[in-house]
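User: I want to learn how to read a few local features in a structure. Can you take me through them one at a time?

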Amino acid sequence: MTNKSIEVRNPRTGKFDYVIIPPPPKLLAQQCNRLRRAQVHWQQMGIEKRIAALQQWKQAILSTRDRLTEALVNDTGRLSTSELEIDSFVASIDRWCKIAPDLLQESAKNTTIPFIALQQTAVPYPLVGVISPWNFPLLLSTIDTIPALLAGCAAIVKPSEITPRFVAPLINALNTVPKLREVLTFVEGAGATGYALIEYVDLVCFTGSVATGRKVAEAAARNFIPAFVELGGKDPAIVLESANLELATSAILWGAVVNTGQSCLSIERIYVAESIFDKFVEKLVLKAQRLKLAHPTVESGDIGPIIAEKQAAIISDHLLDAVEKGAVIHCGGQVEELGGGWWCRPTVLTQVNHSMKIMTEETFGPIMPVMAFSQVEEAINLANDSIYGLSAAVFAESEESAIEVAQQIDAGAISINDAGLTALMHEGEKNAFKFSGLGGSRMGSAAIKRFMRKKAFLIKTNSTNDPWWFADE
Ligand code: NAD
């Protein structure tokens, strides 16, 4: 691991205007030891005091919300999604604080053996490591951290080196809550720091690419610690003949283009019944063309810059590959440089097929390739023809026929007559299918249980010999 400083690029200007310094290995180990020691008291404090500490942190963050917003805008180049991220983060703290006490209740149960009682309890993993990506820097570095802390764990978070500016305002707020500061640390650094972290923690939550997720899961397996890995996607949308086209085009446009398509759950491929194909494309293109780039000012439009420079190259490559293989571009269609940043307007393509990267690999841009199908089975087969299985969307006049299709799609969350709902609604439990991830659901109330090991006290309640013991004589 290196402790050399890392320069950070600003996605709007292309300038490297920020620096992070990864901790040397010895310091990282010391930090983890300190967190592990402090966790003992954090657990003993009880859930109500942990809730109070998290609420104090939330208030401290809200009182400097402007600074956090500014940092997120510098990290990501976009404003409205940054506001949404802060709102979701606050809502997540409130939601978990409300439901955690009931979820963490210990229970006593009768058993099938009348004289043996069972007391069921759960013990938090001492130290949870969280490694997060750049597309929603605040949300994805805290989505697992909040329930882990409430469960009684300490946490060490390694956000992406591409978007690290938001951490400073979080730490400033954290410094006003000494009890929480003792059990929660953010570390700066890139892949080497993330990888080193796995050595020192008792459980790892990773959000990022399949390639890195595999390395993290392998390292965790070597250390015999649980890994929850939430990886990439190539979400399909299926639009049946009966669908409301106005609604379907608006929902799919949002699901594909929000945050410039830089979401794991972005709609990245669209299958439309051939009888409504032309009308669908016409409407989608019209709506896509209305969206404006948030340039020259951050307030001036809907579509922010491409955050990671490496992603701009991937989007260009996928577009080029598609066009070379016969795809037709109806709007947008290229990555352009404006003021030092990389931008891409909402792009609709037709004449696409599964020989193209744009239909099979994660593009992570505001790109909407649309393909016609004649039979519903064909659409389902195409939707399932992917290494990914994160989420999907189905549009139909009746909820029943949409759900019938959804049941046959290999993915963990399916929006019905809407798109990307898991971005906003965290109540539904879901697993990532195929290469999109591994481990228990991070959504839904049971998510907090991932951070605890179950422990059973099996209590003999009488003073006579058990019938299965060896006879005394
Ligand atoms: P990435 O895999 O490049 O990096 C993610 C994090 O892992 C970063 O913090 C990085 O520094 C760290 N890292 C890199 N190499 C590492 C290693 N060897 N060991 C440990 N940590 C290492 O991903 P990215 O480009 O930052 O994020 C985009 C990807 O994340 C996309 O594939 C996207 O679909 C996925 N994603 C998934 C979800 C989900 O919930 N399923 C949510 C958001 C993003």
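User: Start with charges and rings. Which ring does the charged end of Arg453 sit over?

Analyst: This is a predicted model. To read the feature, take the charged end of the side chain and ask how far it is from the ring centre. The charged end of Arg453 sits over the ring of Tyr125. The distance to the ring centre is 4.7 Å.

User: Which ring does the charged end of Arg450 sit over?

Analyst: That of Phe228. Here the charged end of Arg450 is 5.1 Å from the ring centre.

User: Next, rings with rings. How many aromatic pairs are there?

Analyst: The count is three aromatic pairs. Phe115 and Trp468 are one of the pairs, and they are stacked. Their centres lie 5.8 Å apart, with 25° between the planes.

User: Where in the chain do Phe115 and Trp468 lie?

Analyst: In distant parts, 353 residues apart. Phe115 is in the loop between β3 (107-109) and β4 (116-124). Trp468 is in the segment after β22 (452-460). Phe115 counts as buried because its relative accessibility is 16%, and the cut-off for buried is under 20%.

User: What are the angle and distance for Trp134 and Phe364?

Analyst: The planes stand at 90° and the ring centres are 5.5 Å apart, so this pair is edge-to-face. The pair also links distant parts of the chain, 230 residues apart. Trp134 sits in the loop between β5 (127-131) and α5 (137-142). Phe364 sits in the loop between α14 (357-360) and β16 (367-373).

User: Are Trp134 and Phe364 buried or exposed?

Analyst: Trp134 is buried, with a relative accessible area of 7%. Phe364 is buried too, at 8%.

User: Now cysteines. How many disulfides are there?

Analyst: A disulfide is a covalent bond between the sulfur atoms of two cysteines. The count here is zero. Cys32 is in no disulfide, and its nearest cysteine sulfur, that of Cys153, is 14 Å away. Cys205 is in no disulfide either. For Cys205 the nearest cysteine sulfur is again that of Cys153, at 9.0 Å. The cut-off for a disulfide is 2.5 Å.

User: Are Cys32 and Cys205 buried or exposed?

Analyst: Cys32 counts as buried, at 1% relative accessibility. Cys205 is buried, with a relative accessible area of 0%.

User: On to the backbone. Which peptide bond is cis?

Analyst: Most residues other than glycine have a negative phi, and most peptide bonds are trans. The peptide bond from His295 to Pro296 is cis, with omega near 10°. Pro296 is in the loop between α12 (277-290) and α13 (309-324).

User: What is phi at Thr260, and what is it at Lys434?

Analyst: Phi of Thr260 is near 55°, a positive value in a residue other than glycine. Thr260 lies in the loop between α11 (245-257) and β11 (267-273). Thr260 counts as buried, at 1% relative accessibility. Phi of Lys434 is near 50°, also positive. Lys434 is found in strand β20. Lys434 counts as partly exposed, at 36% relative accessibility.

User: Last, the surface. Which residues make the nonpolar patch?

Analyst: To read a patch, look for its members and its area. Leu84, Trp254, Leu421, Leu424 and Met425 make this nonpolar surface patch. The area is about 450 Å². Among them, Leu424 lies in the loop between β19 (413-416) and β20 (433-434).

Technical notes:
Residues are numbered from 1 along each chain as its sequence is written. This is a predicted model: local features need pLDDT of at least 70, side-chain atom pairs count only at pLDDT 80 or more; totals for chains, interfaces and linings use all residues. Side-chain values use heavy atoms; hydrogens and water are left out. Buried means under 20% relative accessible area, exposed over 50%, partly exposed in between (1.4 Å probe, protein chains only). Rings of Phe, Tyr and Trp (its six-membered ring) pair if their centres lie within 6.5 Å; planes under 30 degrees apart count as stacked, over 60 as edge-to-face and the rest as tilted. Helices (H or I, at least four residues) and strands (E, at least two) are DSSP runs, numbered from the N terminus. A charge sits over a ring if NZ of Lys or CZ of Arg is within 6 Å of the ring centre and within 35 degrees of the ring normal. Patches are made of residues with over 30% relative accessible area and no salt bridge: like charges are joined within 9 Å, nonpolar side chains (Val, Leu, Ile, Met, Phe, Trp, Tyr) within 5 Å. Accessible areas come from the Shrake-Rupley method with a 1.4 Å probe; for residues, only the protein chains shown count as cover. A salt bridge is a side-chain nitrogen of Lys or Arg within 4 Å of a carboxyl oxygen of Asp or Glu.
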